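Here is a guided tour to follow with your viewer open. Please load the structure and keep the selection tool ready.

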Amino acid sequence: MTQYQEDDVTPQTPAAPGLSRRGLLLGTAAALAAGPLAATAATARAATATTAAADGRTPKVLLIGLDGTMLNRIKDAGAPSLTALMAGGLTAASSLYANPMAGTLSGPGWSTIATGVWPDKHNVKDNNFTAPNLAAYPDFLTRVETAAPALSTYVVASWAPIANTICSGKVDTRIATPSAEYDTGTTSRAVARLRDENPDVVFVHLDNVDNAGHSSGSASQAYLTAIRGVDAQVGQIVAAVRGRATYAQEDWLIMVTADHGHTPTGGHGGSTWEERQTFVIANGSAFPAGSVRHDVRMVDIAPTALAHLGITADPAWNLDGTPIPDLVPDEFDALRPQLTGRVDESGIAAGVLGFTHTPPAGWSIDNSAMGTGGVTEWRGWSFTTDEFWTKAERDQNRELNVRSRNVFAVADSDEWADRTFKGNYDTTLVSPEYPVAGRPTVPVAFTTFYRPEGAQTARVLAVWDGGAPVEVKSFTGDTNGRQRLDLAVPAGASRLRLRFRYTGSNNWYWVLDNVRVG
């Protein structure tokens, strides 16, 4: 690896006693839019990008990463600086993948945050960075330098790979804080840069909460103490921003996030709900005070930063994230208040609300060919959340459903078959009718996660003006991402209805989300 001078990257010195877990881990192998949404998102994006310019302020971005920090424990700790940022802006809990996509580790976590894509694209699977695809999916500071090289970019990190590996050499200043200085040095450097210089994009990484998580566990008093300590450092950094002589002429977007969670007894890398926890706090002109969202993912951080700076993402970048102000809830998301608790799923805690069989207005479920019995929660298409569905059964790849947001639809013949049943799993999700008169083609887009096995089938069928269903798409292999179909409208047709039919018996599952037509 190329060595850099102090004004670029400070090489990491050997870890101080008691602060060596990063070195140990390094050696361990362990766009959302179609149809009406496109116009809506474009309008929102343009409004966000021009807000600062309209009032004469200069847009700037500060991203603070709190390694291994859990949102629920921030609230338990009574952290005043972070609480104030949440009260003044947006708070959004989010969740991660698990293996085989990637472990819940810092390498994939910070790479996902920095690049705006999931690990199946950037290919950072663990902390070894064995074959990263970061040239194809660079960090957002590098994208800033490419699009607007006059802007000043700065990263300072207590974990060296963020500065040395994840952020590229195009970034103006990259500093891996010497281990002897740890978070104290990272904080003082960040404060000095914000106070004395004129940076446009600053990425600060603080590590000690993760250190406490490893040594004592997330349920410990030591973990809460570490959160209060890092909260004080966040307070110093934010004060440096707001104390700038030019602050009134600047439009700062401040975001805070984490790369993973921790088990109550300590450690991460696995697939438990606690390990898969992260969050986004966003404080700035685009975010109403005290707002909460359920549809934000960690991949949204990078495109949100770019959009705030007026840099529009190129579709060729193939980002998974979307600027947060551009996110438009879909019809499934409106079901969240209707979600209920478990019926047959004994592995899900009684207080977790997460499923309904009642579709949104205009949608319906055809279970006329559906077998009987089985697990109630998954008898035909269900509407559920990541927490509820992944807790039904861990380590069967349900954790890889990272591209769905908030409430999504799932047909899960595997989980249904965990109780006595008769017949086949045969269920169809039916959309509302969409007007298509006078159009030669109509675009259909949806997010899907499909895991096949055996005689299982997943078919998309079009019904024109109430006629016979016509197959327009079928899935035969693993599929995880956004799908787009451009359907030719038959001569004289005026109405389109979609049918999503899944069949199987004790096979795997099919997930649908964010269906957009037109």
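Is R501 buried, exposed or partly exposed? R501 is partly exposed, with a relative accessible area of 29%; here buried means under 20% relative accessible area, exposed over 50% and partly exposed in between, with a 1.4 Å probe and protein chains only.

Before going further, a word on what is on your screen. This is a predicted model, in which local features need pLDDT of at least 70 and side-chain atom pairs count only at pLDDT 80 or more, while totals for chains, interfaces and linings use all residues. Residues are numbered from 1 along each chain as its sequence is written, and side-chain values use heavy atoms, with hydrogens and water left out.

**The whole chain**

Colour by secondary structure. The protein chain has 14 helices and 21 strands; these are DSSP runs numbered from the N terminus, with helices being H or I of at least four residues and strands E of at least two. Of the 518 residues, 58% count as buried.

Select R501 together with D426. Their side chains meet in a salt bridge (2.6 Å, N to O), a term that stands for a side-chain nitrogen of Lys or Arg within 4 Å of a carboxyl oxygen of Asp or Glu. R501 lies in strand β20 (residues 495–504) and D426 in strand β15 (residues 425–435), so this pair ties together parts that are 75 residues apart in sequence. D426 is buried, with a relative accessible area of 11%.

**The five-stranded sheet**

Now select the strands in the order β10-β15-β20-β17-β18: these five form an open sheet with antiparallel pairing. Two strands pair if DSSP finds at least two bridges between them. At the edges stand β10 (364–366) and β18 (470–475), each of which pairs on one side only. Neighbouring strands of this sheet are turned by 25° against each other on average, direction ignored; the axes are lines fitted to C-alpha atoms, and angles run from 0 to 180 degrees between N-to-C directions.

Zoom in on β17 (residues 457–464), which pairs with β18 in the antiparallel sense over five bridges. Pick V460, and its bridge partner in β18 is K473.

**The largest core**

Which residues touch the most other members of the largest nonpolar core? Select L496, F500 and W510 to see them among the 99 residues of that core. Such a core is a set of buried Ala, Val, Leu, Ile, Met, Phe, Trp, Tyr and Cys residues joined through side-chain atoms within 4.5 Å. Strand β21 (residues 509–517) gives the largest share of this core, six residues.

Centre on L496. Leaving aside neighbours within four places in sequence, its contacts (heavy atoms within 4.5 Å) include P432, Y434, V463, W464 and V517. A second, separate core has 38 residues, among them A79, V191, V238 and V256.

**The eight-stranded sheet**

Next, follow the order β4-β3-β5-β1-β6-β7-β2-β8, an open sheet of eight strands with mixed pairing. β4 (173–176) and β8 (291–292) each have a single partner strand, so one side of each is left without a neighbour in the sheet.

Stop at β6 (residues 250–257). Eight of its eight residues are buried, so the strand is largely enclosed by the rest of the structure. E250, W252, I254 and V256 point one way from β6, and D251, L253, M255 and T257 point the other way.

Step to either side of β6:

- Strand β1 (residues 58–66) runs parallel to β6 and is joined to it by eight bridges; V61 stands opposite L253.
- β7 pairs with β6 in the antiparallel sense over four bridges; M255 stands opposite A282.

**A last pair of salt bridges**

The count of salt bridges comes to 26. Select D344 and R419, whose side chains meet at 3.7 Å, N to O. Both count as partly exposed, D344 at 22% relative accessibility and R419 at 45%.

Finish with R398 and D414, which meet in a salt bridge at 3.0 Å, N to O. R398 counts as buried at 0% relative accessibility, and D414 counts as buried at 11%.
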